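Reader: I am new to this structure. Where do I begin?

Author: Let us look at the model, then take the features one by one.

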Amino acid sequence: MSMPDKCDDAIAQLYEFLDGELDDAARARIEAHLRECSPCLEAFDFEADLRRIVSSRCRDRVPEELRERIRGLLQPSD
Ligand SMILES: [Zn+2]
């Protein structure tokens with residue numbers, strides 16, 4: 001009977017968990033729940049994958065702009 005509460009608790013803290021904003025006790029509680037609850041684990045994995053994709057695309061794009069700017073700085077225009 002306590003499972004739904006645990007799931008609500010885990011999902012409610014999904015973003016804090018992924019952002020690393022939880023303290024050790026809260027993180028351990030969620031990790032323990034994910035080990036025994038595959039629906040929550042899938043939700044966390046999905047969100048984590050999404051973030052990895054988004055952040056890796058941002059990482060690819062920013063350095064390219066930065067490289068362009070640095071190239072411009074390294075080439076004396078006068
Ligand atoms: Zn759950």
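Author: Begin with confidence. This is a predicted model. The chain has an average pLDDT of 85, and 83% of the residues score at least 70.

Reader: How many helices and strands does the chain have?

Author: There are 4 helices and 0 strands. Along the sequence, the pattern reads α-α-α-α.

Reader: What share of the chain is buried?

Author: Burial comes from counting neighbours. A residue is buried if 20 or more other C-beta atoms lie within 10 Å of its own. Of the 78 residues in the chain, 6% are buried.

Reader: Which residues form the largest nonpolar core?

Author: That core has 5 residues. They are Ala10, Phe17, Ile30, Cys40 and Phe44.

Reader: What does isoleucine 30 contact?

Author: Set aside its neighbours within four places in sequence. Isoleucine 30 then contacts Ala10, Gln13 and Phe17.

Reader: Where does glutamine 13 lie?

Author: Glutamine 13 sits in the loop between helix H1 (3-12) and helix H2 (14-18). Residues up to four places away in sequence aside, glutamine 13 touches Leu22, Ala26 and Ile30. Glutamine 13 and arginine 27 are 14 residues apart in sequence, yet their C-alpha atoms are 9.2 Å apart in space.

Reader: Why is glutamine 13 classed as partly exposed?

Author: Use the count again. Glutamine 13 is partly exposed because 17 other C-beta atoms lie within 10 Å.

Reader: What about aspartate 9?

Author: Aspartate 9 lies in helix H1. Aspartate 9 is also partly exposed, with 15 other C-beta atoms within 10 Å. Histidine 33 is 24 residues from aspartate 9 along the chain, and 9.7 Å separates their C-alpha atoms.

Definitions and conventions:
Residues are numbered from 1 along each chain as its sequence is written. This is a predicted model: local features need pLDDT of at least 70, side-chain atom pairs count only at pLDDT 80 or more; totals for chains, interfaces and linings use all residues. Helices (H or I, at least four residues) and strands (E, at least two) are DSSP runs, numbered from the N terminus. A residue is buried if 20 or more other C-beta atoms lie within 10 Å of its own, exposed if 12 or fewer, and partly exposed in between; C-beta atoms are placed from the backbone. Two residues are in contact if their C-beta atoms, placed from the backbone, lie within 7 Å. A nonpolar core is a set of buried Ala, Val, Leu, Ile, Met, Phe, Trp, Tyr and Cys residues joined through C-beta atoms within 7 Å. pLDDT is the predictor's confidence in each residue, from 0 to 100.
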